[in-house]
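Hi,

Here is the structure I promised to pass on.

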Amino acid sequence: MRRNSLGLLAVTFMVISAAAPLTGVAGAVPIAFLIGNGTGVPATFLFMTLVMLAFAVGYVAMSRHVKNAGAFYAYAARGLGGRWAGATAFTALAAYNAMQFGLIGLLGGISAGVFGSFGIHLPWWGWSLIAIALVGLLGYRQVDLSAKVLIVLVALEYLIVLIVDFAILAAGGATDAGGLSVNLFDTNAIFSGSLTAAILFCLGSFIGFEATTIYAEEARDPEKTIPRATYLSVLMIGLFFVFTTWLMIAGVGAENLIPTIGGLADPTEYFFMLADIYVGGPVPPIAGLLLVSSLFAALSAFHNYIARYSYVAGREGLLPAAFGRTHATHASPHVGSVVQTVGALIVLAIFAGLGLDPILNMFTWISQIGTLGVLGMMVVTSLAVIVFFRRQPAGEAPAMSTLILPALSGAIMAALFLYIFANFGDLTGTAGGGLSWMLPSIIPLAAVVGWLAALRLEKADPAGFARMGENRA
C-alpha cells in the first residue's frame, strides 16, 4: 500500500486488465453474437458504455470526497452507514473471489489447448496451479511490480486485436458480403434474438473498471488520477469493443455471421479464424499466447482487489486485525493475498478432484456469481451517491451527476441483477438442479454475514464503527 506509487496509466491499465480485452473479444463476443442479438452487439456495447458512463459520473463525483481503498465498501459506509458497508465489503470478497476462481479454471482449460499445440502438455489444473503461484507471488510483493507487468500485458492484448481489426478494415471486410457497410444502428438487428443475453455478455466486458477507487490510497494526486482513470477505463473498453465487434461482423458479412460462428466446433475459434484469414503468419498462435496472458492479467487484477478489500475489512474491524496489516518490506496487504491464494488452491483441488470441466463448470458456474455480486454493489453504490449528496450543502454538485444519472444507472443495474438471479440456472447450465439457486444465493448470504459483522463491530467498538469508510489518503 505504498503512497504515491501509481500514476494515471498504472491505475487505468490495472483496472482494464480485469476486463481482459482479448478474453472478451475471443471468448465472450462470439457467444454474444451467437446467443445474443447477432449484428446488434456493437450497438449493445455502445448502450452499455453509456450506462457505465452514467454510473461513473456519480461514482467520480463522490470519489472526490472518499479516499479509501475500500471502494464500494467506503461509498456504502459514507452514504448509507456502517451496516450497509459491512454487507458491501463481504459481498465484494465473495464476488471478486468468484471472479478469480472462475478465471483460474478458464485459464487452465485454454492454456492446456494453447500450449498443447506447441507440444507442451500438462493437465489443465497444472496450468491453473502455475498461475495461482505466480499471481500469489506478485500480490505478496508490491503493487507497482504488478502494475508494470499488467501494463505490458494489456498493451500487447490491444495491439494484437487492433492488428486484426485494421487488417479487416484495410481489406474492406468481406467484399462479397457487404464489406464494411454494416449498419450499427439497425433496430431490427438490435432487438433480434436475445437482447438481454447480449447485454449480460457486454456487461461482463466492463467489470473491473469500477476498481479505480481501490487504488485511491496509492495513487499520485488521487483527486485527479482516480476520476480520469475511471472515465478513461470506460471509454477505452467501450470504444474498443464497439470498433472491434463492428469489424468482426464485417470480416464475414452480416448475413454470414451467425452461420459461420454456429458452424465452428467452438465459438471462441472465431477471432482466431479472422486472424488467420486477414493476417495469417504467426499472428494466430501469438494471439493464443496473449489470450493466456490476458487471463493471467485479469487474475492478477482481481487478486489485488481481493487483497485490498481484505486489508480494509481487517483495518476497520470487520475481519481479524491481522488482515489490516501490511508487509514490513513490500508494504503490500500480504495477509489477504496469502488467504486468497490458499482459497484458490482449495477450489482448484475440489474441481480437479471431482473431474469437472474447467470452462463449462468451474468458469461458467462460478464467474456468474461474481457478475451478480458486482451488479449488486453497483446498485448499492448508486443509492449511496444519491443519499450522500442529499446531505451536502445545496449547490455542492449538480443534480444530474448526483441524482439523475445515479438513479438511472442504478435502476438499470437493479433490473439486470434480478434477471441474472432469477435465470441463473439457464445462464450457467445448472437449470433444474440445486446449484441453480444455491450458487447465486452466495451473494445475498455474503451480504447478510457482512451486515452481522458490522452489527458486532457496532456493539464492540462504537467509535470504530463510526469511523468506517473514513478518508485515508
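Predicted model: local features only at pLDDT ≥ 70, side-chain atom pairs only at ≥ 80, totals over all residues.

Let me begin on the outside. A nonpolar patch on the surface is formed by Tyr 140, Val 338, Val 342, Ile 346, Ile 350 and Leu 354. Together these residues have about 530 Å² of accessible area. Helix α14, which covers residues 334–353, supplies the largest share of the patch, with four residues. Val 342 is a patch member that lies in this helix, α14. Its relative accessibility is 42%, so Val 342 counts as partly exposed.

Next, the helix packing. Two packed helices are described by the angle between their axes and the distance between the axes. For helix α9 (residues 195–204) and helix α16 (residues 399–422), the angle is about 105° and the axes are 12 Å apart. Angles of 65 to 115 degrees count as roughly perpendicular, and α9 and α16 are therefore roughly perpendicular to each other. On the α9 side, the contact is made by Thr 196, Ile 199, Leu 200 and Leu 203; α16 contributes Leu 416, Tyr 419 and Ile 420.

Finally, which residues is Ser 409 in contact with, leaving aside its neighbours within four places in sequence? They are Val 51, Ala 54, Phe 55 and Ser 382. Ser 409 is itself placed in helix α16. With a relative accessible area of 1%, Ser 409 is buried, since buried means under 20%.

Happy to talk any of this over.

Best wishes

Methods
Residues numbered from 1 in each chain as written. Heavy atoms only, no water. Patch = residues over 30% accessible without salt bridge, like charges linked within 9 Å, V, L, I, M, F, W, Y side chains within 5 Å. Areas by Shrake-Rupley, 256 points an atom, 1.4 Å probe, with all protein chains shown as cover. Salt bridge = Lys/Arg side-chain N within 4 Å of Asp/Glu carboxyl O. Helix = DSSP H or I, 4+ residues; strand = E, 2+ residues; numbered from the N terminus. Buried < 20%, exposed > 50% of the residue type's maximum accessible area, 1.4 Å probe, protein only. Axes fitted to C-alpha atoms, helices over the stretch in contact; angles between N-to-C directions. Parallel < 35°, antiparallel > 145°, perpendicular 65-115°, else oblique. Contact = heavy atoms within 4.5 Å.
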